[in-house]
Amino acid sequence: MRIYIITDLEGVGGVVLDQQTRPGGPLFDEARRLQTNEVNAAVEGAIEGGATEIIVHDAHGSVGYNFLFDKLHPGAQYLFGADTDTYLAALDASFDGLFLLGMHAMAGTRRAVLEHTWSPSAWDEMRINGRPMGEIGLMAAIAGEEGVPTLLVTGDQAVHDETREVLGPDVEIAVTKIGLSRHCAIMKPAGQVGRLIRASARAALSKIGKVKPLDIGRPAEITIRYKHVSMADGRKCAGKRRLDARTIAVTGATVRQAFDNLS
Amino acid sequence: MKIYMVTDLEGVGGVVLKEQTQPPDPLYQEARHLLTQEVNAAVEGALEGGATEILVRDGHGANSGYNFIFDQLHEGALYMMGSPTDSYLDEVDDSFDAIFQIGAHAMAGTLHGVLEHTQSSVAWDEMRVNGRPMGEMGFCAAVAGQHGVPCVLVTGDQAVCDEARDLLGPDVEVAVTKVGLSRTCAITKSPAAVRGLIRERARAAMAKIDKVEPLDIGSPVEIVLRFKHVSNADGYKCANKRRLDSKTIMVTGKTPREAFDNLA
C-alpha cells in the first residue's frame, strides 16, 4: 500500500496565530515541532494499518521546508522544497491513498483557524467547476484525477465540516481543535491529538476501496475572485478570462493543468 | 466537576519585570515556561480534587493570547488559546462548577502589587463596577458569578491574594507565589515550591465549590473607568458611553459581560 501525505501547518493542534506559520520567531519553530510530531503520528498509524511505502510532502509556505528533519519517523520518505514543474508533481496513480494533514478551511469560513485559500491577502474565493472549494478540495480533486482517493484529513472543526461536504461521509477525519475565531481555538492537548491522528491514520488504511476518488468532471475551470480589483488587473496567465472586476477564470483538461495555468 | 481556569502572566512565580510579559525579550520565553508549569500544577491539583472536565483559557493578552507552550501542557485538560473572540470570556457559562484564576495580578494602583494594572497599564487608572473598585481578578469573578459559578482559587502575588479574600470572602483558596516589595520587585518562592503550593491549593479549592458564593454584583452593571490622561477619555468611542468628567467615562450593560463588551 502506497500512501501520499500532504501536510500544511495551519490545522496542526496548538497553531492559531499567523506568527506560528511564518519564519522569524520562536513560535514558528515551536509550530514546526508540533507539526513534526503530528506527521510522525500519521506515519506510525499508516504503517500499523498496512502502508508499505509513504511519501510525506512538506507543502506549507512558498519554500516548503518546515519539518524538523532529524525528528522525523524513519518509516517514510519526505519531500521538501518547492518549484516543481507541475503542482503536486510526485502525486501520481501509483498511490493507493492520500492523507491531508494539518489542513485549514477555505477562505471566508467562519470560526475557522487561519482560514484562507492559497493567499490570505489576495484570494477571496476559489471555485472549481462552479463549486466553492479550498485547498482540501483542490488537492483531493488532483488526487482524484489520478484515481487516488483521499482517505484522511486532519485539522480544525471547520476542516471537518468542509471535508464532509466535499468528500462525503466515508473519509476519516481527525479534529485537532475547535475554532472560536480565526485566531482562537479550544484545543486538545498535544499527546491526545497525536494518538487521535495515529488511530485515524490506521483506520484510514482500511478505507482503501471504500472511499471513491473525488471526481469533479473534465475539463476543469477554476475561477478566482480576488480581494482587490488591482490583483485581477495585473494577473497574466495561460488561457485567462476576465469575468468581472475582481474575478478571473482559467481552464485546463484537468484540475492540475488548470491550476498550473494559473501559476 | 467541570472547572474553568483563566490564566494571566503577571502573577506567576518568578515574574516581576515587564520584559517577562511580552515578546520579543528572551525573558518572555522563559516566563511562558514558568506559566505552563503553573497551569500544569493547577490542572493536576484540580484532577486530584475531583475535576472531571477542565478548560484552561490562555488569558494573558500579549502575543495575541498565545502564551502556553503547547506540547508541554498537562494532558488532563482542554486549552483555549489565541484571540479575539466575539465576547469577553464568552466560553464561560453555567455548565461550569467553578473557576480558578492562575497567575493573576492586583488592580491598578495597588501598593506592592507586582505589575499591578487593570487592563491597560498605560491608560487605565481605576475601574469601578457598581461603585466598587475592581481589577481584572474581580471582574472575571463577576462574569463567572453572573452564571452562578464561584471563583474558588486565585494564585498570584500577596496583593492579588489579599484582593481576592477581600472581594470573594475568606473561603476562597489562594496560593501566594511571591510577595511584592514594589511594582517590579518581589521575594518569590522557588519554582518547585510554587508549583507544589498551587497543586495543593487547587486540590483544596475543589472542596470549596459549595462554600464559596458566586460573586453577585447586581444588575444592571455600571462600569466607571477613570483614565490616566484626559486624552485617553477624549478619544474613547464605545457603545452607551457617558462622559463623567475629563478623565472618566461610564458604560452600562445588563450583565458584567455585556457592560465590558460595550467598553471594547
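Guide: Two strands pair if DSSP finds at least two bridges between them. Helices (H or I, at least four residues) and strands (E, at least two) are DSSP runs, numbered from the N terminus. This is a predicted model: local features need pLDDT of at least 70, side-chain atom pairs count only at pLDDT 80 or more, and totals for chains, interfaces and linings use all residues. Residues are numbered from 1 along each chain as its sequence is written, while chains are lettered from A and ligands numbered from 1 in the order written.

Visitor: Which element supplies the largest share of the side of chain A that touches chain B?
Guide: Contact here puts two C-beta atoms, placed from the backbone, within 7 Å. Chain A gives 20 residues and chain B gives 20. Helix 1 (26-48), strand 8, strand 9 and helix 4 (190-205) of chain A each supply at least two residues of chain A's side. The largest share, five residues, comes from helix 1 of chain A.

Visitor: How many residues of helix 3 of chain A are buried?
Guide: Buried takes 20 or more other C-beta atoms within 10 Å of the residue's own; 12 or fewer is exposed, in between partly exposed. The buried residues of helix 3 include Val159(A), His160(A) and Val166(A). Their cover includes strand 4 (97-103), helix 2 (135-145), strand 7 (150-156) and strand 8 (172-181) of chain A. Helix 3 (residues 157-167) is mostly covered, and of its 11 residues the buried number eight.

Visitor: In strand 12 of chain B, which residue is the bridge partner of Glu222(B)?
Guide: Strand 10 (residues 221-227) of chain B is mostly covered, with five of its seven residues buried. It pairs antiparallel with strand 5 (residues 124-129) of chain B over five bridges, where Met127(B) stands opposite Leu225(B). Strand 10 also pairs antiparallel with strand 12 (residues 248-253) of chain B, over six bridges. In strand 12, the partner of Glu222(B) is Thr252(B).

Visitor: What percentage of the 264 residues in chain B is buried?
Guide: Chain B has seven helices and 12 strands. Its C-alpha atoms fill a box of roughly 50 × 40 × 30 Å along the principal axes. Of the 264 residues in chain B, the buried share is 55%.
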